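Here are my notes on this one, written up as you asked. Have the coordinates open while you read.

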Amino acid sequence: MPKSATDIRHFIIAGVLVAITTVLLDLLLKAILPMPVQGSHQAQVIDQLTSWHLTLIAFLFSLVVVIMLYSLFVFRKKDGDESEGAHFEGNTVLEIAWTVIPLIVVFVFGFFGVRALSDVTRAAPDEITVNVTGFQWSWLFEYPDSGVASNELVLPVDRAARMDMTSRDVIHSFWIPEMRVKQDLVPGMTTTLRFTPSVTGEYTVDCAELCGLSHYSMVAPVRIVEQAEYEQWLAERTAGTAPALAQTGDETDADTDVETDADAQSN
Amino acid sequence: MTLWSLGLVRGVVGQIVGFAAGMALVIASRLLFGFDPVWNQEPALVGGIIIGSIGFLIGVGALTDWFKWMRGIETPLHHGPPHGRPAWTRYFGVDYNHKVIGIQYGVTGIILLGIGGMFAVIFRTELAASGFQFLNPSNYNTYLSMHGWAALAAILLGIGGMANYLVPLMIGAEDMAFPRLNAFAFWINVPGIITLLMSLNYGWDGGWTVYPPLSVLGPVGYQFTFWAVFLIGLSSILGSLNLIVTILRMRPPGMSLFRMPIFVWAVFATSLIQLTATQFIGQAFLMLSFERLLGMGFFDPDKGGAPILFQHLFWFYSHPAVYIFVLPGLGIISEILPVFSRKPLFGYRWIALSSIAIALVGFLVWGHHMFTSGYGEYLRVPFMISTLLVAVPTGVKFFSWLGTMWGGKLSFPTPMLFVLGAISVFLIGGLSGPILATTATDLFLHDTYFVVGHFHATIFGGFVFPFFAAIYFWYPKITGRMYDETLGKIHFWLMTPAFWTMSLGQMSVGVMGMRRRIADYDPALGVEFGHVLVTIAGFTIAFSVLLMIYNLLHSAETGRVAGNNPWRSRSPEWQIPSPAPEHSYASPITVVGEPYDYGIPNSTYVHMAPLAAADD
Amino acid sequence: MTTVTAALEGYTQQLRNNRMGLWLFFISEAFLFGGLLVTRFYLWGNTRPELDQTIGLIVTGVLLLSSFSMNMAETAIEHGDRRTFLGGLAVTAVLGLVFLIGVMVFEWGLFPAIYEGHLKPGDNVYGAVVFAMTGMHALHVISGIIFIAIVWNLGRKGGFSPERHWGVESCAIYWHYVDVVWIFFYPALYLIGTVAH
């Protein structure tokens, strides 16, 4: 082992260890953070950016922890040694370096962040508009072009969809994990969310903003289908064979016998 | 000695009497102004809360001296334990010694941390399996919300404890600048905590963020929360005011700003935020309270109000609040690290200024909590960039800590272990931040368990671990005895891996689609295993903290006598006897060197005599 | 060092601490009132409610006037003129009360038997913000009047001297501060923006 704390061999060994750990940690992080199905074009953009972030996290975590652990082993006090450590109070060049380099990294990631944001929020010319209404504790989806209303969200694959959303009571949040993107529904205003489903399948739209008693069960089914099936579904709905709609959230808490917020308030 | 001679007992009685009087007052004024019906639960309870809190303060005696001043009576400061009563009783009543107040803050903080943790353990157990085991959605939501504010109040108290005990000692001051205000600022927390716990009786379900309209429509328990937070916030404001004056005006000769112990810098930065931003949450919670009481439509769209306005007001405090929580802890890390590295703090000025930088940038980032809220889209990018910028001063701290350890002579007693644990845990919290600050990725992660994991890592790394490190480190100075080293190490080795597991587990289930604050989840998500791990980890942490409390109580009686300076620290508080005497410094001290010049033979930081003697 | 000069030095030190503490308190309060202004501009934008301009002008004038009488009182105690000091305080408190009556009886319509107000707090966002801003300010005026009453009572009993009158000084600065806050609130409530109907 080199004696001096500023011996170059320390830095070479630590550097190699940091590199190895970064690779291992990157693999580990991506294993313990499994993303749901990549179900939309927006998901591809977001997952790409997430992946870069995770690699950066792996590197920075390794950098700090490996150097820390290296110090703990190499520079630990020997038994009976009461002397002091090497006296250096700081290094201005180093301080400037680890201020400026992170600053550059911040701006690089900021740039990619802005680009990704404009990608995932960009409007497409041929959008399907759905008016989404949230209420305690259910969802209502209305298709203004065809006048169809439903408690189930059905969308064609590979076609941009635009949710124009509002809430009847408290704040809710529209989230289909497979589509990645999320947007709050605020009473008194209309918010917009765009996504383009890319994989057919059955998903759920979950309320992501605490909205009272049955927030946990404010979930509605989502089906992403082929264009033809979507049109057929719309036609069936327009013909009036639709089942009755849930207009209030009362049925969702039938399994619990506690008071709803509204009841408690009127006491 | 009777029970009545304890200020706390008188305070609680005062609060009960005041509560009844407040309710009566509201009923009487409704009668006077012709309101119908005369009995209305909510205004009556609010009246009870307000007058009850004043009743507590009168009962405990926090206002006694000021009332005397108003009548022109001089009140000399009383030093030492009360006459004719056992010394321990001073901890249960108004006492003006900053060390007593520091202990009062700290112990109340630990108790409240335990209560907050207990709520977490209860609903964590419920989450270990899908379906409802022993909670229903209503009490799940209440416990979840209570966990939030109980833990946050505990953190504010813990910070108050460290700051009050350590700052005057570290700058060689006899006491805080305003001892009576100091006692008042502590005691106003107690009726606040009692009020907060009373909310359990009525329930509330908004989480700690209490967004309207939910918090306006929900049960009356919200009122208790609003006013409890208001009282605790008032304590923050007055306490920080006191600390700023103490730090700026009561330093000894020779202690320039850049010769202060680094913890004092951290407290200064924290106090700047507490003094100013806290007003916003007080105001926002008052507005909520009055929206409920008088139908004032601040946040009600039907009356032209805006729910999003609340989020702006709330986060303008609550984001900087996170820096209030972590900056003192980071100061503790910087303070303890050089002692056990036997090396100067690397880049002292950079660390000091990075605290101020974090505090200032912290005022410009609140909008990153609102990326999905529906505010103007043009706000997303500026808030994203400003938030990412916080990484720069935070990075300076991490790298400087590494520079401090590199080439030192490191030893690892319990306080040092907790400091190292804090660095590793805060690193998890810090590094999971930029991905949430980046708007595009946040659209996915917002309001998921990933955020829960990130936040808890930040708070454990920035507050809980350093707080425990501080407790172990200054325990010999407080009690004069050593804690049990073996138990301390067991505490560390149980808590740290458990916390890593918990943190990564929370992030993992969050990415898999687990939303925040849900009482039950779909087993199809596949997150049950993760939740079981997190729950086991939670219990392990709870057990390890109980071990620490046992250690602290037990060692106060049986621990080995510590001596004045068991850590060979240069800081002034270690140059005086342990436990610290009533008057900390026998004579005013003079600063003659740098605080962290370990490794220079015969250099000292302080000269334990006044300036004139130092010149000799 | 004699005990007298030591005591004086202690007093000077404490006085400096007190001054800094008071100004920090004002900085903190500025955030409270600033928050209310933020609320006003967020919710009203470039509009304002129809308020009684005459009342607004009168109460503003009264409050500005009270700052002069307060200043007179403080100058008087600095010169040891106890009569003017007590008189100035009394005038200030009375003007403060007139301000309060103007706001609470006329602007708020708290006693409909005397005067029917224009707005109710629960009407809409205009009522809410008017009552929040004037209410929070009135709370400070009330506490200021109580403060003046205490100082007046102590002064009557022979308290305060030209050398030692921190109680008077802090009371005066507090009163001026509350006055200055109103100088920001008055245009925000009465002048800025077009009247919304």
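The points below go through the ground rules, the chain interfaces, a strand and the salt bridges.

1. Ground rules. This is a predicted model, where local features need pLDDT of at least 70, side-chain atom pairs count only at pLDDT 80 or more, and totals for chains, interfaces and linings use all residues. Residues are numbered from 1 along each chain as its sequence is written, chains are lettered from A and ligands numbered from 1 in the order in which they are written, and side-chain values use heavy atoms, with hydrogens and water left out.

2. Chain B against chain A. Here 93 residues of chain B are in contact with 89 residues of chain A (heavy atoms within 4.5 Å). The buried area comes to about 7,800 Å², with 71% of it from carbon and sulfur atoms; that is accessible area (1.4 Å probe) lost when the two parts are put together, summed over both. On the chain B side, B:W406, B:F444 and B:R515 lose the most, together 11% of what that side buries.

3. Polar side of the same interface. I get five salt bridges between chain B and chain A, taking a side-chain nitrogen of Lys or Arg within 4 Å of a carboxyl oxygen of Asp or Glu. There are also 19 residue pairs in polar contact, both residues at pLDDT 80 or more (N or O atoms within 3.5 Å; within protein, one able to donate a hydrogen and the other to accept it, and residues adjacent in sequence count only if both atoms are side-chain atoms). Helix α14 (residues 391-405) of chain B gives the most to its side, with nine residues; helices (H or I, at least four residues) and strands (E, at least two) are DSSP runs, numbered from the N terminus.

4. Chain C against chain B. This contact takes 34 residues from chain C and 35 residues from chain B, burying about 2,800 Å². In chain C, C:N17, C:F31 and C:Y42 lose the most area, together 19% of what that side buries. The salt bridge count is zero, but nine residue pairs are in polar contact. Helix α1(C) gives the most to the chain C side, with 19 residues.

5. A covered strand. Which residues of β6 (172-175) in chain A are buried on each face? A:H172 and A:F174 are on one side, A:S173 and A:W175 on the other (buried means under 20% relative accessible area, exposed over 50%, partly exposed in between; 1.4 Å probe, protein chains only). β6(A) runs antiparallel to β7 (182-185), with four bridges, and antiparallel to β9 (201-207), with two; strands pair if DSSP finds at least two bridges between them.

6. The hairpin arginine. A:R180 takes a positive phi near 75° in the hairpin of β6(A) and β7(A). Its side chain meets A:D47 in a salt bridge (2.8 Å, N to O). The two are 133 residues apart, with A:D47 in helix α2 (residues 41-74) of chain A, and both are buried.

7. A network to check. A:K77, A:E82, A:E84, B:R342 and B:R568 are linked by salt bridges. A:E84 meets B:R342 at 2.7 Å and B:R568 at 4.0 Å. B:R568 is partly exposed at 32% relative accessible area, and A:E84 is partly exposed at 28%.

8. B:E582 and B:R90 form a salt bridge, their closest N and O atoms 3.0 Å apart. Both lie in loops, so the pair ties together parts 492 residues apart in sequence. B:E582 is partly exposed at 25%, whereas B:R90 is buried at 10%.
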